[in-house]
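Okay, thanks for making time, everyone.

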Amino acid sequence: QVYTDYFFDEPVFDLHDGGYIPLEKAEVPEKPLHIPAALKPDKVDGNDVYYTITAHESETQILPGAKTKTWGYNESILGTTVVLKKGVHYHVHLVNELPEVTTFHWHGLNVTGPIVDGGPHAPVYPGGTRDIDFTLDQPAQTDWIHPHPCPNTARQVWNGLAAAVVVTDDEEAKLPFPRNYGVDDIPIILQDRNYHENQLDYKADYDMDGALGKYALVNGTINGVFNVTTQRVRLRILNGANRREWRLHLDDGHEFTQIASDGGTLPEPVRMTKLMLTCAERAEVILDFGDKKPGDVVTLMTDNIPIMKFKIGDFKREDIELPEHLTTIAAPKVTPGLPVTRTVMSGMDDKVRLDGKLFDMQRIDRKQKIGDTVLWDVVNTNDMDSGMIHPFHMHGCQFLVLSRNGKAPYPNEHGWKDTVGVNAGETVRIAVQFTKFGVYMYHCHILEHEDTGMMAQIEAYDPNEKHEYHLISMDEM
Ligand code: C2O
Ligand code: CU
Ligand code: CU
């Protein structure tokens, strides 16, 4: 079966929003698609690997003419890709060379909160550093690092901070997926920006429902071209936009296969011609260009706008059928006797709330015991005619989507996720389990909604082990 629709409810696509800024085809010359370098360890000592990640100000040639002032992790824009392997103990030296406080949030990583997780309680002040360490304890997947300082996440991401994280493990390594980074396995970080005399101006483009830009960028490149040298290419697609949804398809209607969602490999490959990602969601897909010949060009589109091209070169014929079954995801055993946790995303613009409240750094909104599997009903009370999709994200865990308004989840939602787009008027039931202690955020991942306060925090606790948390206040930021 090949799916040919976007699954989400069309009436609440972002393009129906009054403040929607449509993408325009950028009239700038094509350029090779930027592929962020893989971050090199400072040191490897047995099972201990040491990395340094520096957030800094820089500049990037994005448009012809003056370079654009951009922020990045190690690189001038976005950041070096961090490759992590299950079971390895990482020591990360975080450095802030920005003129303001930031944090380094590992979106999708199962690490303790709030410090290693890097949410708003883990500031790194300008000129300062922080050292964290963790043992990678989750399956192969695509995650990302982005800043999370309250309430400046949106602006800092807009300025350029976002890096791909590639998690590998031995199980995924056995699957017939492309995995030669930069050659047949590439990140596709989708963002949109505006330029004012070639510069970013977050204030000018601010919108309470999320900043939108009229140009699409892939990995920081406008009109990028990727030279295809293998029959199959694996894309690790990340919606790294503040607000924009991406409705992806290829210009010739070419089919592709989704093999992974946020939290890793899907139980079964999902063949499709259209893929929609809401903010912060990831999808890994394999494109098979077996029906193409050298010189052919395939264009990746969102709605009717071309965003990058694949130029087909010479490749060695390699017809590979994906197995019908990729991995087994054990259905979670819901802990008996616990009520369903209900959490409500409501409003738009300055009215956005989570459970009727605005975020408070000092308030723990909920608690959940480590190891318990709890049903959560995530509700979006917007109405269908004039509402929007709110992408719901949780730190510190990967969850399973069980149903949407009582019906089956979308065909590509049968794997682990940490972000789920919730349609207007919809209740999405998920199964949530924490395995590590900590205080974690959960929030709408439209970054301006998050900054406004559509965010709350949960403590994952172990009754036999007490942890004290220093919840910082706004004036410590
Ligand atoms: Cu992408 Cu609170 O995070
Ligand atoms: Cu996160
Ligand atoms: Cu929202």
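Let me start with a quick one: is Phe392 buried or exposed? Buried, because its relative accessibility comes out at 0%. And keep in mind throughout that what you're looking at is a predicted model.

Overall, the structure holds 16 aromatic pairs. Take Tyr73 and Phe104: the ring centres sit 5.6 Å apart with the planes at 40 degrees, so we call that pair tilted. Tyr73 and Phe104 are buried, by the way.

Then there's the pair with our opening residue: Trp376 and Phe392, again tilted, with 6.5 Å centre to centre and 45 degrees between the planes. If you're wondering about the cut-off, ring centres have to lie within 6.5 Å to be counted as a pair. Trp376 belongs to strand β27 (residues 373–380) and Phe392 to strand β28, so this pair links parts 16 residues apart in sequence. Trp376 counts as buried too, because it has 0% relative accessibility. And there's a cluster, where ring pairs link Tyr3, Phe7, Phe8 and Tyr410.

Okay, metals. Which residues hold the copper ion that's ligand 2? The protein donors are His105 and His393, each through NE2, lying 1.9 Å from the ion. His105 is in strand β9 (residues 105–107) and His393 is in strand β28 (residues 390–394), so that pair ties together parts of the chain that are 288 residues apart in sequence. His105 and His393 are both buried.

The copper ion that's ligand 3 has another set of protein donors: His390 through ND1, Cys444 through SG and His449 through ND1, at 2.0 to 2.1 Å. Along the chain, the donors of ligand 3 follow the spacing H-x53-C-x4-H, if you want to search for it. Cys444 and His449 are buried as well.

Let's zoom out to the domains. How is the chain divided? Into domain 1 (2–13 + 177–312), domain 2 (25–170) and domain 3 (341–476). The centres of domain 1 and domain 3, taken over C-alpha atoms, are separated by 25 Å. Their contact takes 32 residues from domain 1 and 29 residues from domain 3.

Now, the nonpolar packing. The largest nonpolar core has 43 residues, and the ones with the most contacts inside it are Ile188, Leu235, Ile237, Leu275, Ile307 and Phe310. Strand β23 (residues 305–312) supplies the largest share of this core, five residues. Where does the core lie relative to the domains? Between domain 1 and domain 3, because both of them give residues to it. There's also a second, separate core of 28 residues, with Phe104, Leu109, Val111 and Ala163 among them. You'll remember Phe104 from the tilted pair with Tyr73.

Phe310 is worth a click in the viewer. Leaving out residues up to four places away in sequence, it touches Phe226, Val228, Leu235, Leu250, Leu287, Phe289, Asp296, Val297, Val298 and Leu300.

First, Asn412, found in the loop between β29 (400–404) and β30 (419–422). At 10% relative accessibility, Asn412 counts as buried, because the limit is 20%.

Buried or exposed? Buried, because the relative accessibility of Arg282 is 2%. So what does the side chain of Arg282 contact? The side chain of Asp143 at 2.7 Å, for one, and the side chain of Asp418, also with a polar contact of 2.7 Å.

How values were computed
Residues numbered from 1 in each chain as written. Chains lettered and ligands numbered in written order. Predicted model: local features only at pLDDT ≥ 70, side-chain atom pairs only at ≥ 80, totals over all residues. Heavy atoms only, no water. Buried < 20%, exposed > 50% of the residue type's maximum accessible area, 1.4 Å probe, protein only. Polar contact = N/O pair within 3.5 Å; in protein donor to acceptor, adjacent residues only side chain to side chain. Donors = N, O, S within 2.8 Å, 3.2 Å for Na, K, Ca; no water. Helix = DSSP H or I, 4+ residues; strand = E, 2+ residues; numbered from the N terminus. Core = buried A, V, L, I, M, F, W, Y, C linked by side-chain atoms within 4.5 Å. Domains from an automatic or database assignment. Contact = heavy atoms within 4.5 Å. Phe/Tyr/Trp six-rings, centres within 6.5 Å; stacked < 30°, edge-to-face > 60°.
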